[in-house]
Amino acid sequence: MFRRLKILALKCGFSHTGMLDVSTIRVRPEVRDACTADTCKAYNKTWSCPPGCGTLAECETKIRNYKTGILLQTTGKLEDSLDYEMMEQTGMEHGTNLDEFTKEIKKLYPSWGKQPLVIGAGACTRCVNCTYPGSPCRFPNDMRISMEALGMVISEVCKDNNLPYYYGPNTLTYTGCILFE
Ligand code: SF4
């Protein structure tokens with residue numbers, strides 16, 4: 001099945017993929033604590049980030065509900081280290097790739113016993129304006145929780161699953177994953 005998912009992921013635009021053994025994921029309070037510094041300007045602004053996404057213990061329970069997933073990366077080639085336009089474009093492409101892949105795997109495996117958990121890079125941007133905190137999430141089964149919000153160190157998760165995280169000078173890689181079984 002993984003081979004089929006990998007082909008599909010590449011077709012959806014991802015640059016690199018790898019199998020994800022969920023038991024390797026370590027959930028770190030210090031990663032969550034860093035969210036409160038709000039350097040990404042998403043803290044307390046969406047259901048996909050703390051505190052809206054739940055406590056770290058609740059997030060870990062969500063993760064441990066799965067055994068297997070797939071790591072998904074979108075790598076952009078920058079002209080130089082100040083190529084912010086390409087950085088932004090690569091981030092948007094990564095989100096689009098993730099939405100497309102999620103849609104396709106739901107079609108391919110409609111009989112999966114549980115909803116896949118979609119984990120992106122950064123806050124969910126599925127809606128132009130997030131409903132947080134006034135109303136419930138519009139798409140609870142498709143929102144993209146960020147890896148950091150779940151307490152994951154992205155480079156560590158990649159390393160523990162034998163997938164590179166860095167692809168050379170003047171590249172930028174966004175990493176996400178989907179837990180599905
Ligand atoms: S799907 Fe929409 S409402 Fe839900 S977290 Fe994402 S942006 Fe917010």
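Which residues are exposed on the other side of helix H1? Arg3 and Lys11 are exposed there, where exposed means over 50% relative accessible area, buried under 20%, and partly exposed in between, with a 1.4 Å probe and protein chains only. The structure is a predicted model, in which local features need pLDDT of at least 70 and side-chain atom pairs count only at pLDDT 80 or more, while totals for chains, interfaces and linings use all residues. Residues are numbered from 1 along each chain as its sequence is written, and side-chain values use heavy atoms, with hydrogens and water left out.

Helices (H or I, at least four residues) and strands (E, at least two) are DSSP runs numbered from the N terminus. Helix H1 spans residues 2-11, and Leu5, Leu8 and Ala9 are buried in it. Viewed down the axis of H1, the buried residues fall within an arc of 100°, so they line one face of the helix; the arc is that of the directions from the helix axis to the C-beta atoms. The cover over these buried residues includes E1, E2 and helix H4 (84-108). Just after H1, Gly13 adopts a positive phi of about 110°.

The strands E1-E2-E5-E3-E4, in that order, form an open sheet of five strands with mixed pairing. Two strands are taken to pair if DSSP finds at least two bridges between them. E1 and strand E4 (145-146) stand at the edges, each with a single partner strand, so one side of each is left without a neighbour in the sheet. H1 packs on this sheet and touches E1 and E2, and its direction makes about 140° with that of E1. Contact here means heavy atoms within 4.5 Å; axes are lines fitted to C-alpha atoms, for helices over the stretch in contact, and angles run from 0 to 180 degrees between N-to-C directions.

Strand E2 (residues 68-77) has nine of its 10 residues buried, so it is largely enclosed by the rest of the structure. Strand E1 (residues 16-21) is joined to E2 by six bridges, and the two run antiparallel. In this pairing Asp21 stands opposite Thr68, and Thr17 has Leu72 as its bridge partner. E2 is also joined to strand E5 (residues 171-179), by nine bridges in an antiparallel arrangement. Leu72 stands opposite Gly176 of E5.

Strand E3 (117-120) is covered on both faces, with Leu117 and Ile119 buried on one side and Val118 and Gly120 buried on the other. In a regular strand the side chains alternate between the two faces of the sheet. Three bridges link E3 to E5, and these strands run antiparallel. The pairing of E3 with E4 rests on two bridges and is parallel. Ile119 takes part in both pairings, standing opposite Cys177 in E5 and opposite Ile145 in E4.

Asn44 is located in the loop between helix H2 (29-35) and helix H3 (56-63) and, at 41% relative accessibility, counts as partly exposed. With residues up to four places away in sequence not counted, Asn44 touches Pro50, Pro51 and Tyr132. The C-alpha atoms of Asn44 and Leu179, 135 residues apart along the chain, are separated by 24 Å. Pro50 and Pro51 are joined by a cis peptide bond with omega of about -5°, and Pro51 lies in the loop between H2 and H3. A cis peptide bond also runs from Tyr132 to Pro133, with omega near -5°; Pro133 belongs to the loop between E3 and E4.

Positive phi values are also found in residues other than glycine. Lys41, in the loop between H2 and H3, has a phi of about 65° and counts as exposed at 60% relative accessibility. Asn170, in the loop between helix H5 (154-160) and E5, has a phi near 55°. The relative accessible area of Asn170 is 38%, so this residue is partly exposed.
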